[in-house]
Amino acid sequence: MALDNGAKPEAVHDSTLVSKAPSNQVLLVLRLVAFFATAAATIVMALNKETKTIVVATIGSTPINATLTAKFQDTPAFVFFVIANGMASLHNLLMVVVEIWGHKFDYKGLRLAMIAVLDMMTVALASGGDGAATFMAELGKKGNSHARWNKICDKFGTFCDHGAGAIISSFVGLLLLVLITALSIGRLVKPRPATLSPV
Amino acid sequence: MTKAKISLVLRLLAVGSTAAAIAIMVTSHETAKVLNLSFDAKYSYTSAFVYFVIAEGIAGGYSLVSLLLSCKPVFWRLVMMMDVVIAMLLSSSISAAVAIGEVGKKGNSHAGWLPICGQVPKFCDQLTGALIAGFVAAAIYLVLLLCSLRSLFALKP
């Protein structure tokens, strides 16, 4: 009756036993890794800055230098990337905290549903940030000859490398977030007869 | 049954808006001559717009398929998971297209990129229309996700 799957009995009258179910532990580990991935992406992109002094022209024998700085705030796409990944890592942190300590809080039995909804929203947000940053990085790396936009990665190599690292880390986080969302939804749709109390 | 009808209507709307986005973007083409330089603007010159068209195509195709699948209630878990994936695809494609479109409209002084909307205004207007349709499609899918989740609450007594 209370066993929807013979291998893992979830005794729902004892809330501590619920948190020991294997799928919950897997979810927790995935959320931790996703938190680190998105936090790393946020931090690496937020600290992404490169200053370079280039010789612009030479008058006689004195070269004229211009100092150019490439920072992430120059492009709204990267700003959105930082904000989206920041919010995704905050969401992951919050969910980790709720998983470990929040089993006693339950608002009308909707806790798991709220978690699933928030997971879906975070997936949409993080994927938006990733898409924008990827194509902006591709534009910076290859330029666009039709629009007469020059590439900038040959001058600011470190900026491009750090940006690429942040984007890759964010993709890892996004993949994990999709997996986490699938698991949350899976957790949601399994009917647990013991918790279905008349509201 | 009204929840199933809402979901069907939303999917139909999604098919319509993705088809509109693809049609408007694919037919956008403009040539301008500025100071003896021929300026040719087409959506396929930018990989972000090509990705946008492909993603909208996939989403439109999936919406059609899920219209048929959602009549059979046995597939609803698969449909829900695929809804999340397609919403993610739509969200990333519209963000990428808007990011590149913003560079085209305002340029980027730090990188030395000049805006191109001054030379090809009709192209830019059509792009704006396609992006609005794509944004509507993404919003419809987000609402669809919420509706699917809400229909799960009906399982609880």
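**Strands, helices and a few residues**

In this predicted model, V55(A) sits opposite N65(A), a residue of β2(A).

Q: Which strand of chain A pairs with strand β2 (residues 62–71), and in what sense?
A: Strand β2 of chain A covers residues 62–71, and its pairing runs over ten bridges. V55(A), which faces N65(A) in β2(A), falls within residues 49–59, the range of the partner strand. That partner is β1(A), and the sense is antiparallel.

Q: In the hairpin of β1(A) and β2(A), which residue takes a positive phi?
A: The hairpin leaves two residues between its strands. The one to look at has a phi near 65°. That's G60(A).

Q: What percentage of residues 78–98 of chain A is helix?
A: UniProt, in an unreviewed entry, lists these residues under "transmembrane region", along with 26–47 and 164–185. In the model, the end C-alpha atoms of residues 78–98 lie 30 Å apart, and strand accounts for 0%. Helix makes up 100%.

Q: And how far apart are the end C-alpha atoms of residues 164–185 of chain A?
A: This span is also in the "transmembrane region" listing of the unreviewed UniProt entry. Its make-up is 100% helix and 0% strand. The end C-alpha atoms are separated by 31 Å.

Q: At what angle do helix α4 of chain A and helix α3 of chain B pack?
A: Two packed helices are described by the angle between their axes plus the distance between those axes. For α4 (residues 111–142) of chain A and α3 (residues 76–106) of chain B, the axes are 7 Å apart. The crossing of α4(A) and α3(B) is right-handed. The angle is about 40°.

Q: How many charged residues are in the contact of α4(A) with α3(B)?
A: From α4(A), the residues involved include M120(A), V123(A), F135(A) and L139(A), while α3(B) brings M80(B), V84(B), I100(B) and V103(B), among others. Sorted by type, the contact residues give 14 nonpolar and six polar.

Q: Is S91(B) buried or exposed?
A: S91(B) is part of helix α3 of chain B. Leaving aside neighbours within four places in sequence, S91(B) is in contact with A124(A), S127(A) and G128(A). Its relative accessible area is 12%, below the 20% cut-off, so S91(B) counts as buried.

Q: Why does I152(A) count as buried?
A: I152(A) is in the loop between α4 and α5 (157–189) of chain A. Not counting residues up to four places away in sequence, I152(A) touches G140(A), A111(B) and W113(B). Buried means under 20%, so I152(A) gets the label because its relative accessibility is 17%.

Q: What relative accessible area does R148(A) have?
A: R148(A) is also placed in the loop between α4 and α5 of chain A. Its phi is near 60°, a positive value in a residue other than glycine. R148(A) is partly exposed, with a relative accessible area of 42%.

Key: Residues are numbered from 1 along each chain as its sequence is written. Chains are lettered from A and ligands numbered from 1 in the order in which they are written. This is a predicted model: local features need pLDDT of at least 70, side-chain atom pairs count only at pLDDT 80 or more; totals for chains, interfaces and linings use all residues. Side-chain values use heavy atoms; hydrogens and water are left out. Axes are lines fitted to C-alpha atoms, for helices over the stretch in contact, and angles run from 0 to 180 degrees between N-to-C directions. Helices (H or I, at least four residues) and strands (E, at least two) are DSSP runs, numbered from the N terminus. A crossing is left-handed if the near helix is turned anticlockwise from the far one by less than a right angle, and right-handed if clockwise. Contact means heavy atoms within 4.5 Å. Ala, Val, Leu, Ile, Met, Phe, Trp, Tyr, Cys and Pro count as nonpolar, Asp, Glu, Lys and Arg as charged, and the others, Gly among them, as polar. UniProt positions are given in the numbering used here, feature names are shortened, and annotations may be inferred rather than shown by experiment. Two strands pair if DSSP finds at least two bridges between them. Buried means under 20% relative accessible area, exposed over 50%, partly exposed in between (1.4 Å probe, protein chains only).
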